[in-house]
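This briefing is for a reader new to the structure. It covers aromatic ring pairs and charges placed over rings.

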Amino acid sequence: MPQDPVEEIKNRLDIKEVVGDYIRLEKSGINYKALCPFHKEKTPSFFVSPTRQMWRCFGCGVGGDMFTFIEQIEGSDFPEALKLLAKKAGVEIKRMDPKIYSEKNKSLEICELTAKFFNYQLESKNGKLIKQYLKKRGITKDSIDIFKLGYAPVNSKGLIKFLKDKGYSYSDMEKAGIVFKLQSSGRYVGRYGGRIIFPISNTAGHIVGFGARKLTEDLAKKMERELKEDSAKYINTPQTNIYDKSKILYGLDKAKIAIRQNDRCIVVEGYTDVILAHQNGYQNVVASSGTALTQYQLNLIQRFTDNLYTCFDMDAAGDMATRRGIDLAQNIGFDVRIIALNGGKDPAEVIAEDKKGWEGAVKNAKSITQFYFDSAIAQHDKTTPEGKRKIAAQLTPIIANIPSKIEQSHWVQELADKLNVDQDSVWKDVENAKKQEGSKNNDIEDSPQNKKRAINKKEALEREIVMYVLKSPANLKTLDKYKISTSESDILGIIDVLREVNDTTKLLNKLDSKKRELVEGILFEAEVFAREWSVDEFTVILGNYKKVLLDEELQELEQQIKEIENRGEEEKTKELLDIFNKKARQRAELN
């Protein structure tokens, strides 16, 4: 029976080598340590265990196996991590396995081959003219190779024959977005003929589509070709089984490591902006390709940073689609800043002409609120009643959307000063804006991202309780003395299994994969932070845990009392108040 590819990869690779390809590891006892690549720190809290084939950062709390590490560091999903590690391990993932090989894989292969074909065309007579044009734009040969730029000949017969010879059908090519069928003749033709080609990759670096730029008048003249006036400047791949414009950020595959290292992602509009930024050493730059930022794109960026810098001209402040994207970014926890460029130039022009000017613009990026303030006040006359009303109409919804009351108060005062009105009037407009639009901040606390990042004190204490019992079974007596129920907690339930088997090795064999991984992680932490596991220390932990349990009970009782009070049930309210006061006294005794 063939071995599971995941297990085969784990048998062939060592997690130390996998992680060591990305960060520098130092020996620390039987383990290895490093500065965490997932958050900023000065003292190493990231550890790798070759014995357990695990990694964990004890600073930010993330951890797992080699697959989890690749997913985190590459910003990829499991299938992408599987492919990457399979290649590294020399493990063949059989193409015909229906779980792995699919129509999507076929489309990926076609796009990869098409990109190679277009890139090769740069050596043709017309292709060399394209290379000269790119050189004038400041794009070097290395960048052409790195970003796999190319040229699509007007006649697509060569491309279609090339793909046919590789075994792909017209239907395969159409599904990949490379060709389309003419209704008049039923003939298949290439989609991008006579254009400059910018291949578009997903986060894992697989080419999934193409941006095809119209020739300039100068290029068309040199090629003795007429340009259609009504043709679009860019033609993009339509939505396919591998390409969705709302889910792609151009250049993210090449920018993700730099974004994490700089703790900042700069979003620009065009392909050339990204290429020239990377070429000049600013590799944390990606492009939205002319679309407003979507939830999916923001989630991709948030794998690497919470700091989002956008670069667009002042007119874009009034664009509602852009506003929605920025509001969405703020609501899911991004610190959003705006890079303002003078003279209406785009990033590519500024970077090519004046690198220091670009660096200064990034350094002086404005907070999004300040940007909106400056824009609104520049658009309207703040000395007239009508101008004041228009400025307030633009800015009060923005202030209403700020989660922090302190920050809100700052901007209310700022707006009142700018318009020379009293703060109470501004506050009333802010409250009205909240009622009209609904507060967008209610969902922030409960967003999956924030839940993931929130430090769960109860869970941390439960892990410590299990750790002390695993390392010193004598602590079980102390646990029993405190009368803490282990059956009601998923984590503490591990202790009940330990009581049955009375052996750590047997315990691991008895647990399911999820709990086994949890115990391995707890034992890994115990290795890194060796201590005496004394009863005195354990007693403090149990006391803190009792406090957390009582706090939970008090919060629940408080909510119940409010609900019953609103219903006018006096007897029930009094009964619950007595219980609340009793619990509150117990909580006070633990301090």
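The points below are grouped by topic and refer to a predicted model.

The count of aromatic pairs comes to 25.

**Tyr22 and Phe69**
- The ring centres of Tyr22 and Phe69 are 5.7 Å apart and their planes stand at 70°, so the pair is edge-to-face.
- This pair links distant parts of the chain, 47 residues apart.
- Tyr22 belongs to the loop between helix H2 (15-20) and strand E1 (26-28), while Phe69 belongs to helix H3 (residues 66-74).
- Tyr22 is partly exposed, at a relative accessible area of 28%, whereas Phe69 is buried, at 0%.

**Phe198 and Tyr234**
- Phe198 and Tyr234 make a tilted aromatic pair, with 6.5 Å from centre to centre and 55° between the planes.
- Phe198 is in strand E9 (residues 195-201) and Tyr234 is in strand E11 (residues 234-236), so the pair ties together parts 36 residues apart in sequence.
- Phe198 has 2% relative accessibility and counts as buried, whereas Tyr234 has 29% and counts as partly exposed.

**Aromatic cluster**
- One aromatic cluster is formed by Phe117, Phe118, Phe162, Tyr192 and Phe210.

**Charges over rings**
- Lys164 has its charged end over the ring of Tyr170, at 4.1 Å from the ring centre.
- Arg264 has its charged end over the ring of Tyr309, at 4.8 Å from the ring centre.

Terms used. Residues are numbered from 1 along each chain as its sequence is written. This is a predicted model: local features need pLDDT of at least 70, side-chain atom pairs count only at pLDDT 80 or more; totals for chains, interfaces and linings use all residues. Side-chain values use heavy atoms; hydrogens and water are left out. Rings of Phe, Tyr and Trp (its six-membered ring) pair if their centres lie within 6.5 Å; planes under 30 degrees apart count as stacked, over 60 as edge-to-face and the rest as tilted. Helices (H or I, at least four residues) and strands (E, at least two) are DSSP runs, numbered from the N terminus. Buried means under 20% relative accessible area, exposed over 50%, partly exposed in between (1.4 Å probe, protein chains only). A charge sits over a ring if NZ of Lys or CZ of Arg is within 6 Å of the ring centre and within 35 degrees of the ring normal.
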